[in-house]
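Let's walk through this fold from the inside out. Keep the viewer open as you read.

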Amino acid sequence: MRERLVAGNWKMHGSLAGNPALIEAIKAGAARQAGVECAICVPFPYLAQAAGLLQGTEVALGAQNASEHAQGAFTGEVSAAMLADFGCRYVLVGHSERRQLYGEGDGQVAGKFAAVLAAGMTPVLCVGETLEERDAGRTEATVARQLDAVLAKSGRGAFATAVVAYEPVWAIGTGRTASPGEAQAVHAFLRQRVLAETRILYGGSVKPGNAEALFAQRDVDGGLIGGAALVAADFLAILAAAARRKE
Ligand code: PGA
């Protein structure tokens with residue numbers, strides 16, 4: 001059985017003064033949700049603070065990006081080993097905002113994925129099509145291309161631990177979400193390329209009101225949550241929806 005995972009992607013939000021209240025609320029609520037792993041992926045400068053606050057709890061710490069390089073003259077970059085130093089368990093790689101706004105290509109994302117694995121952490125590989133690609137009937141081709149670049153470098157076996165997040169670009173931060181059926185269709189397609197035990201998350205405008213129907217799908221093993229992860233009550237309601245899922 002695949003353990004469900006609900007991960008918050010804080011993106012570029014948070015503050016030293018404001019983070020403790022959100023993290024304390026998540027800690028308190030997450031402890032009550034049996035059978036669901038909870039993680040928060042915070043901005044780099046808050047890793048130390050979040051690690052301290054999460055110490056001794058079941059809530060996992062994650063980051064949102066890592067360099068594909070181990071070390072060296074890469075001004076402004078953060079290596080996977082540095083993230084491991086702070087106790088990160090998860091690292092997002094290839095989020096669509098990284099691909100679209102910072103020009104990360106499939107090969108670079110594959111390098112980041114391998115670097116995260118090599119540092120002993122779990123990569124969360126984000127894949128997803130734009131609206132243009134969906135309308136052109138290229139959803140499967142797009143996510144296959146994104147996934148295959150990683151498979152070519154790290155192999156299928158890497159997905160015994162690595163996580164995939166299907167995030168249709170048109171659903172991120174737009175309030176428009178894939179229908180449960182649309183999500184399931186892509187998840188089932190992705191599942192054929194990874195392993196039966198690989199956790200495949202759905203992301204893109206997951207909210208308390210739509211989480212349960214999405215998580216009820218056979219190949220949806222949890223969620224990657226953006227905006228709703230910044231509101232403790234919403235994030236906890238989404239966790240509770242994952243916990244209610246029937247096997
Ligand atoms: P959203 O973001 O939940 O705000 O749509 C999801 C993500 O980008 O990971």
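The largest nonpolar core has 69 residues, and L83, L125, F159, L190, Y202 and F215 have the most contacts inside it. A nonpolar core here is a set of buried Ala, Val, Leu, Ile, Met, Phe, Trp, Tyr and Cys residues joined through side-chain atoms within 4.5 Å, where buried means under 20% relative accessible area, exposed over 50% and partly exposed in between (1.4 Å probe, protein chains only). Helix 10 (residues 232–244) supplies the largest share of this core, seven residues. Apart from this core lies another one of 13 residues, including L5, A39, C41 and A165.

A word on provenance: this is a predicted model, with pLDDT of at least 70 needed for local features and 80 or more for side-chain atom pairs, while totals for chains, interfaces and linings use all residues. Residues are numbered from 1 along each chain as its sequence is written, and side-chain values use heavy atoms, leaving out hydrogens and water.

Back to L83. Leaving aside neighbours within four places in sequence, L83 is in contact (heavy atoms within 4.5 Å) with F44, L47, A63, N65, A66, V78, C88, V91 and M121.

Now for the overall layout. Eight strands form a closed barrel in the order 1-2-3-4-5-6-7-8, with parallel pairing. From one strand to the next, the twist averages 25°. Helices (H or I, at least four residues) and strands (E, at least two) are DSSP runs numbered from the N terminus, and two strands pair if DSSP finds at least two bridges between them. Strand 1 (residues 4–9) pairs with strand 8 (residues 222–225) in the parallel sense over four bridges, and G8 stands opposite I225 in strand 8.

Next, pick out helix 5 (residues 106–118). Buried residues of helix 5 include V109, F113 and V116. Covering them are, among others, helix 3 (80–85), strand 4 (90–93) and helix 7 (139–154). After helix 5 comes G120, with a positive phi near 85°.

What about the cysteines? The disulfide count comes to zero, taking a disulfide as a pair of cysteine sulfur atoms within 2.5 Å. For C38, the closest cysteine sulfur is in C41, at 9.9 Å, so it is too far for a bond. C41 is in no disulfide either, its nearest cysteine sulfur being that of C88, 8.0 Å away. C38 counts as buried because its relative accessibility is 3%, and C41 does so at 1%.

Key:
Axes are lines fitted to C-alpha atoms, for helices over the stretch in contact, and angles run from 0 to 180 degrees between N-to-C directions.
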